[in-house]
Amino acid sequence: MSTTTHTRPSPAAPWRSAFESHMSEMPSPEFVFASLHSSPDSKTPTPYVPRLRFCIYRGMWSQLPENKHNDAPKNPRVYDSDLPTFTTDVRMQKVGELFESSAGKASKDEQVQGSGGGGPCEAVFWIKEKGMQWRMKGTAFIVAPDIEGPEESSGVRTVKSEVGGRMRIVEGGEEKEGKWSWGTELTGHFGNCSPGMRGSWRNPPPGTPVKGEPDKDHQLGQKVTDLHDPIARSNFRVVVIKPDEVEATDISNPETARRHKYTFVADAQDGKGEWTEQELWP
């Protein structure tokens, strides 16, 4: 069902509990996601320029949030992770950016249709009611429909290695490990979206000129109830952020304001590691 590099039971990241508590208190867990776009000016001193947009936090990978309206099959409780997720459309620029700025530097349209990516990114969350800012720096990977199939592409192997390497088996999860599926998790994320949101993956191609009426399969305002709608699912993607550095800046009280910096220190031998913490002035 899954070929996953993972670690044995281990504690969650030291920042995880506070972060999730803050996310649960937000009316809508919005954040700014930054990626790198190839510079349109060949004379620029840097090959990339930043691109930012607002996204919605969709929980930690392998820990699908409960949703009573989601009829999709659920994975058994096997893994835990500290990997924030959000959903996107493969036709959006951010997908291509995460491929092109990765080690593989894929840039052709056909090279960014499947799982893969791994380009650098940053994510910033501002919890106004708490006077708290969370900032994550790391890389981001794309989970696409090809994540499970008869053949594994290099992109699929990259995702399962890089993302799987940060997935921990929970207590008692070993017995159910073979029943956990990447594809089931992907469909679960699709099911967690509202019918209107699912319909957005049947919209006309984002960012293209408005010229006449779009075809009948690509209309605005559609509602999708079929968890396997072929058009919506072909465009649907889950983005998994793999943070290497997390900063939590608390300015709720000017007299005691602090910044806590958490850094993931990987073991040179097996890539596993642990989080270190440093207290800083804000």
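## A lysine in the interior

In this predicted model, K94 touches S35, R53, C55, F86 and T88, leaving aside residues up to four places away in sequence. K94 belongs to helix 2.

K94 is buried, yet it has no salt bridge. The nearest side chain of opposite charge is that of E97, which lies 7.8 Å away. A salt bridge would need a side-chain nitrogen within 4 Å of a carboxyl oxygen.

## Cysteines without a disulfide

The structure holds zero disulfides. C55, one of the residues touched by K94, has its sulfur 10 Å from the closest cysteine sulfur, that of C121, and this is too far for a bond. A disulfide would require the two sulfur atoms to be within 2.5 Å. C121 is likewise in no disulfide, the nearest cysteine sulfur being that of C55.

Are these two cysteines buried or exposed? C55 has a relative accessibility of 8% and counts as buried. C121 is buried too, with a relative accessible area of 6%.

## The largest nonpolar core

The largest nonpolar core comprises 33 residues, of which W15, F19, F31, F33, F125 and W134 touch the most other members. At least two residues of this core come from each of helix 1 (16-25), strand 1 (30-38), helix 2 (93-100), strand 5 (116-127), strand 6 (132-143), strand 8 (236-250) and strand 9 (258-266). Strand 6 supplies the largest share, five residues.

Apart from this core lies another, of 25 residues, among them A72, I147, W182 and L186. Within the largest core, F125 is one of the residues that touch the most other members. The contacts of F125 are F19, M23, E30, F31, Y57, M132, Q133, W134 and M136, again not counting residues up to four places away in sequence.

Which residues of helix 1 are buried? They are R16, F19, H22 and M23. Seen down the axis of helix 1, these buried residues fall within an arc of 135 degrees, so they line one face of the helix. An α-helix has 3.6 residues a turn, so residues three or four places apart point the same way.

The buried residues of helix 1 pack against strand 3 (79-80), strand 5, strand 6 and strand 7 (168-169). Two of them, F19 and M23, are among the contacts of F125. The face of helix 1 turned away from the buried side carries the exposed residues S17 and S24.

Methods. Residues numbered from 1 in each chain as written. Predicted model: local features only at pLDDT ≥ 70, side-chain atom pairs only at ≥ 80, totals over all residues. Heavy atoms only, no water. Core = buried A, V, L, I, M, F, W, Y, C linked by side-chain atoms within 4.5 Å. Buried < 20%, exposed > 50% of the residue type's maximum accessible area, 1.4 Å probe, protein only. Helix = DSSP H or I, 4+ residues; strand = E, 2+ residues; numbered from the N terminus. Contact = heavy atoms within 4.5 Å. Arc of directions from axis to C-beta. Lys, Arg positive; Asp, Glu negative; His and termini not counted.
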